[in-house]
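Open the model in your viewer and keep the selection panel at hand. Each stop below says what to select next.

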Amino acid sequence: MAYVSLLDCVRSLSLLIDQPQTPKDKTLSGDTIGESDHSCIRTLLESSWCGLLSALSLLLDASTDDTSTENILKHLEIFASFCGKTSLNRPRDAYLAAICKASLPPHYTLNVLKATPSTQVT
């Protein structure tokens with residue numbers, strides 16, 4: 001249930017962000033809807049990125065199914081793209097770091113930590 005809910009959160013943001021804009025429509029203040037939507041989208045991304053990243057990363061670490069892992073990585077990529085489009089650099093970098101971390105083999109840090117001058121071949 002959590003898996004589907006988290007993916008649907010990203011999918012909902014995708015529908016909101018990728019909707020076609022009509023610059024002729026006006027709001028009451030006179031700004032175009034696209035400008036007010038950009039502010040709303042940015043606020044939604046700023047308020048949701050940390051929780052979504054934590055939850056998706058946890059699911060990614062626990063995932064044993066290739067299809068689920070692929071879906072989670074794809075949604076991490078989508079969210080990172082949204083953050084890049086709205087100039088949210090910190091969340092974008094955090095999502096990219098999570099994607100990079102997922103691409104590393106398990107226990108990769110153990111091999112790095114075990115490499116000491118006495119064990120290295122010269």
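**Stop 1: R11**

Select R11; R11 lies in helix α1. Helices (H or I, at least four residues) and strands (E, at least two) are DSSP runs, numbered from the N terminus. This is a predicted model, in which local features need pLDDT of at least 70, side-chain atom pairs count only at pLDDT 80 or more, and totals for chains, interfaces and linings use all residues. Residues are numbered from 1 along each chain as its sequence is written, and side-chain values use heavy atoms, with hydrogens and water left out.

Buried means under 20% relative accessible area, exposed over 50%, and partly exposed in between (1.4 Å probe, protein chains only).

The C-alpha atoms of R11 and F79 are separated by 9.4 Å. Along the chain, R11 and F79 are 68 residues apart.

**Stop 2: α1 against α3**

Select residues 2-17 for α1 and residues 66-85 for α3. Their axes come within 10 Å and cross at roughly 35°. Axes are lines fitted to C-alpha atoms, for helices over the stretch in contact; angles run from 0 to 180 degrees between N-to-C directions. The crossing of α1 and α3 is left-handed, meaning the near helix is turned anticlockwise from the far one by less than a right angle.

Show the side chains next. From α1, the contact (heavy atoms within 4.5 Å) uses Y3, L7, V10, R11, L13, S14 and I17. From α3 come T67, S68, N71, I72, H75, I78, F79 and F82. By type, these contact residues are nine nonpolar, five polar and one charged. Here Ala, Val, Leu, Ile, Met, Phe, Trp, Tyr, Cys and Pro count as nonpolar, Asp, Glu, Lys and Arg as charged, and the others, Gly among them, as polar.

**Stop 3: S87**

Move to S87, in the loop between α3 and α4 (89-103). S87 is not a glycine, yet has a positive phi of about 60°. Most residues other than glycine have a negative phi.

**Stop 4: the cysteines**

Select C40, partly exposed at 41% relative accessible area. Then pick C100, partly exposed at 48%. How many disulfides are in the whole structure? A search finds zero (a disulfide being a pair of cysteine sulfur atoms within 2.5 Å).

**Stop 5: the whole chain**

Zoom out. The chain has five helices and zero strands. Buried residues make up 24% of its 122 residues.
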